[in-house]
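This report walks through several parts of one structure. The sequence and the model are shown first.

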Amino acid sequence: MDVFIDVILPVPIPQFFTYRLPRHLAELAKVGCRVVVEFGKSRVMTALVVKIHGNPPEKYPAKYIQELLDTEPVVTPTQIWLFQWVAEYYMCTAGEVMNVALPSGLKISSQSKIQYNPDFHHDELLTDLEKSFMDVLIREDSISYEEAGRLLGEQDLNKFLKSLVAKHAIILFEEVNERYKPKLIKKIRLHSDYATDENALMLLESLGKAKKQQEVLLKYLSIIPLDQLSEKNEEGIDKQRLKEAEVSDSALAALITKGIFEQWEVQVSRFDSLESDSLREIQLSPAQEAASDQIMGLFSTKDVVLFHGITGSGKTEVYIDIIKKALDSGTQVLFLLPEIALTTQIVRRLKRVFGDTMGIYHSRFSDNERVEVWRGVLDQKFQFVVGVRSSIFLPFSNLGLIIVDEEHESSYKQFDPAPRYHARDVAIMLALKMKAKVLLGSATPSMESFYQAQTGKYGLVSLKERFGNAQLPHIRLVNMRVEREKKTLTKEFSSVLLEAIGQNIENKKQSIIFQNRRGYAPYLNCQQCNWIPHCNQCSVTLTHHLNARTLICHYCGYSESVPRVCPACGSPHLRSVGVGTERIEDDLREIFPEAGVLRMDLDTTRTKNAYENIIGEFETGEVDILVGTQMVTKGLDFDRVNLVGVFNADKLINFPDFRSGERAFQLITQVSGRAGRREEKGIVLIQTNNPANRVLQYIVDSDYEGFYASEIKEREAYNYPPFSRIIELTVKDVDRNLAQEAAEVLAKRMKDYLGEQRILGPERGLVERIRNKFHFVIWMKLEKEKMNIQATKQYLQKELVHLITEKKFKSVQVVVNVDAV
């Protein structure tokens, strides 16, 4: 009987595809294994088996798979269910979910290769160059296009190969390779005949005339001494250790050739391990212990618990206690962090407690490193994983607990590409499926999570005292209008902030300055004709980056050099307008030349270890001032930080978004929490033009509950989350009029179905043009209690297909963002 498989392909097409299994593979294939298939005319892809059956497809002949990559599943049935749930809920395809979920190292890559045609027997048809090229093919079996290009030098490669194909002399084919390569190291040991102290000494004497070979042996015996040779020689040493000792390579090679040394390869982990004696126990305070006990008690009746602990209360120690209890019960644990690169200190503390039983999974790791963690979870080598949002898709088989730290963070939401999922919400669904528990932690919980806790759906545990003798910082609002009137500003610094920074430097204390805008300045401006440089692909000004001497678009990445004179009028009088982190850094160096100043933003942390290096420098106390974007608000715990300065709080609060007040409260409270985390009370200075703003007043009072009560009333009055779900539709096209017309057509159809009051827009996007496409946005507000949201999504899906299959709108793109934040 013929055997067929349904597979998920990593393409945005909302269906499975059926392929035929060769008979010799029918017994080996399993659900969750990867196969290599041809899709379309020439595309070669990694597909995931989701069903094995005997039913051929009705509408197309099933192709045979090209290769079976696994004999055991690399994806679990729960993961396949999760891919489909995410696709359905977030209105995308299972292929798009699979594409994000699987690390690149588990997907194959194809490379064009050139092979000698064994049926070719007409050498007389070949030129001299073609003959010499064919000789290489006969010797090498096959070569890549790149290798062929190097052989031919100046020759036109395509024309040359086309000639050989026409003569039937060569075969062109795609060679498929798995990207994952295990890490192998070469090891060296003495042959067993010499692995006693007596025989080793005799060998040493016999090499008397071969001094360099004798040096190699002496170096080996310095690493494994004679008295330990018989017991330790078998495991050998890394060959690299001998190379680092600068022994002769040729002498070592000669000893291997003679059989005196043996060389072999072993597969090793790519991750640094900790010595067991460096692992540490933690000691909870009475308040932390009570919080831990409350959480465990609530888990008996609640699937989700919200842990509301103020900044500096020691939530991490409570997490560690809960994690230990879960691991002791024999289950796996996932610890989600908003951005792993921004939480170096937490990862380090966890590693000291859990050592090599803990895996780390994030985008700054190489493809190979991520595959090792994936396989480690699959084989249950890693019972505990710390990771960013994508780690929710790891192949857990026995998950008992998910912790979502800083659960309010917008970094948990993926915006591009699809799936536009929220890791916190997916974590709750995955836990429900696997009968696991979820612990959400934050000093400033999201409105949605706190509402669920207040209404009893989630358990709630509060920790309202800082760890040890630390106190909450004193928060003061600095009125910038008064400073301007009195002319006491220096650049964009208030006199109050500068005085506090100076005092901190004198007292050998550290300061953090927060400005949520990178670059030197938001834009350049010609003082003569008012010219301002704009992106040629987006409706935004270009941000001035002084050190790189470039103007950069932060939406599409377009950049150009800073002009010496105004391109419009030729004036040399160009000035930077506004303040970014780069400018603050330069100004502080100028005002406090004796101080050490560091900057932490996207521009200074692009490399793998840049963030860790900046944190390391700041921790040593050599740096006095750290300037940064929202990176400095998360997961940092420094003994010497006594002052936090906040630039431009008004812009955060007045951003045109219903969540702007919530986000401003969260960001400023979080960065304020970096100050005074030990015995000495810290100071926070917030520069604002409007000290009477209600959000700032709640921040000054450290009153989250008061802010929540005020905010939730407004949300209910205007039917915003958590009382509704919002689906954002962004209609895009290079033709502005076409994009607007398509958006109006779609909005009308949805209004006809849902009613006028549930549809907002279409409106021009906040940035109307990005990457040369014009954006029009429609918001759908769907009441949770009154609406059948699943039916609404199905209707919307039909209307989207209807719209983009109309001839007029075939170029239009519609992006669906479910639970837009």
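## A buried arginine

R715 is part of helix α24, which spans residues 704-717. In this predicted model, R715 has a relative accessibility of 2%, and because buried means under 20%, R715 counts as buried. Its side chain makes a polar contact of 2.7 Å with the side chain of E662.

Leaving aside residues up to four places away in sequence, R715 touches M447, F658, R659, E662, Y720, P721, P722 and F723.

## Nonpolar cores

The largest nonpolar core holds 121 residues, and F83, I392, I402 and I686 touch the most other members. Helix α25 (residues 736-754) supplies the largest share of this core, eight residues.

What does I686 touch, not counting residues up to four places away in sequence? The list is I475, R476, L477, V478, V646, A649, I668, L696 and I699.

## Strand β28 and its partners

Strand β28 covers residues 641-646, and six of its six residues are buried, so the strand is largely enclosed by the rest of the structure. β28 pairs in the parallel sense with strand β20 (residues 510-514) over five bridges. Within this pairing, V646 of β28 stands opposite F514.

β28 also pairs in the parallel sense with strand β29 (residues 683-688), here over four bridges. G645 has L685 of β29 as its bridge partner.

## Helices α25 and α26

Two packed helices are described by the angle between their axes and the distance between the axes. For α25 and helix α26 (residues 789-804), the angle is about 145 degrees and the axes are 11 Å apart. The crossing of α25 past α26 is right-handed.

On the α25 side, the contact is made by A742, V745, L746, R749, M750, Y753 and L754. On the α26 side, A791, T792, Y795, L796, E799, L800, H802 and L803 take part.

## An open antiparallel sheet

Five strands make up an open sheet with antiparallel pairing, in the order β2-β1-β4-β3-β5. Which strands stand at the edges? They are β2 (17-21) and β5 (67-68); each has a single partner strand, so one side of each is left without a neighbour in the sheet.

Strand β3 (residues 34-39) and strand β4 (residues 43-53) pair in the antiparallel sense, with six bridges between them. F39 has R43 in β4 as its bridge partner.

How values were computed: Residues numbered from 1 in each chain as written. Predicted model: local features only at pLDDT ≥ 70, side-chain atom pairs only at ≥ 80, totals over all residues. Heavy atoms only, no water. Core = buried A, V, L, I, M, F, W, Y, C linked by side-chain atoms within 4.5 Å. Buried < 20%, exposed > 50% of the residue type's maximum accessible area, 1.4 Å probe, protein only. Helix = DSSP H or I, 4+ residues; strand = E, 2+ residues; numbered from the N terminus. Contact = heavy atoms within 4.5 Å. Polar contact = N/O pair within 3.5 Å; in protein donor to acceptor, adjacent residues only side chain to side chain. Pairing = 2+ DSSP bridges. Axes fitted to C-alpha atoms, helices over the stretch in contact; angles between N-to-C directions. Left-handed = near helix turned anticlockwise from the far one by under 90°.
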